[in-house]
Amino acid sequence: LKGGGPGEKQPASDATTTGSDGTAAVPATQLSRVFYAEFCQPDLVNWQLIFDCDTRGVALTPGDTAPGPGLRAVFTATSPEAEPGDSGRPAVAQALTRGLALAFDGPSLDFGVASAKGRDAPGDDVWKTEFAKVLSG
């Protein structure tokens, strides 16, 4: 897993980023100031926060077929962009909780979770499309 993760629910005034109108530009349930301040390695730039803000999207694959980083692992581990093999904590957490609510035929459901470029968390329509790929594959 790469990046930060869901934190406690925060009022918009405590959100990691705030829009020009004073509302949370990033939903407060996804990016926690406490997580980035206390658990991320201090650096000139908070790479985990940059990664989490720019890779809010998700891509699901049926079975254990999500691409890995291969020989580029040393470079993808520190990239602020979604790279092959990246599974950000917010995307994984959402996929697992949404997967629990699915009705499907069979004893189990295996799927891979990859982070994708996007500044907004996936909506219900995106999750429906992604899980349709998993259930049909």
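Which residues line the second largest cavity?

## The model

This is a predicted model, in which local features need pLDDT of at least 70 and side-chain atom pairs count only at pLDDT 80 or more, while totals for chains, interfaces and linings use all residues. Residues are numbered from 1 along each chain as its sequence is written, and side-chain values use heavy atoms, with hydrogens and water left out.

## The second largest cavity

The lining consists of Phe51, Asp52, Thr55, Arg56, Gly88, Pro90, Ala91 and Ser115, where a cavity is a set of points on a 1 Å grid over the protein atoms alone at which a 1.4 Å probe fits but cannot get out, and lining residues have an atom within 4 Å of a point. Two or more of these residues come from each of α2 (47-54) and α4, helices being DSSP runs of H or I with at least four residues, and strands runs of E with at least two.

## Helices α4 and α5

Helix α4 (residues 89-100) and helix α5 (residues 124-136) have axes, which are lines fitted to C-alpha atoms with angles running from 0 to 180 degrees between N-to-C directions, that come within 12 Å and cross at roughly 75°. That makes α4 roughly perpendicular to α5, a term for angles of 65 to 115 degrees. In this contact (heavy atoms within 4.5 Å), Ala91, Gln94, Ala95, Arg98 and Gly99 of α4 meet Asp124, Trp127 and Phe131 of α5.

## A salt bridge

The side chains of Asp54 and Arg119 form a salt bridge at 2.5 Å, N to O, the term standing for a side-chain nitrogen of Lys or Arg within 4 Å of a carboxyl oxygen of Asp or Glu. This pair links distant parts of the chain, since Asp54 lies in helix α2 and Arg119 in the loop between β2 (111-116) and α5, 65 residues apart.

Key:
Parallel < 35°, antiparallel > 145°, perpendicular 65-115°, else oblique. 1 Å grid on protein atoms, 1.4 Å probe; cavity = no way out; pocket = protein on both sides within 12 Å on 5 of 7 lines; lining within 4 Å.
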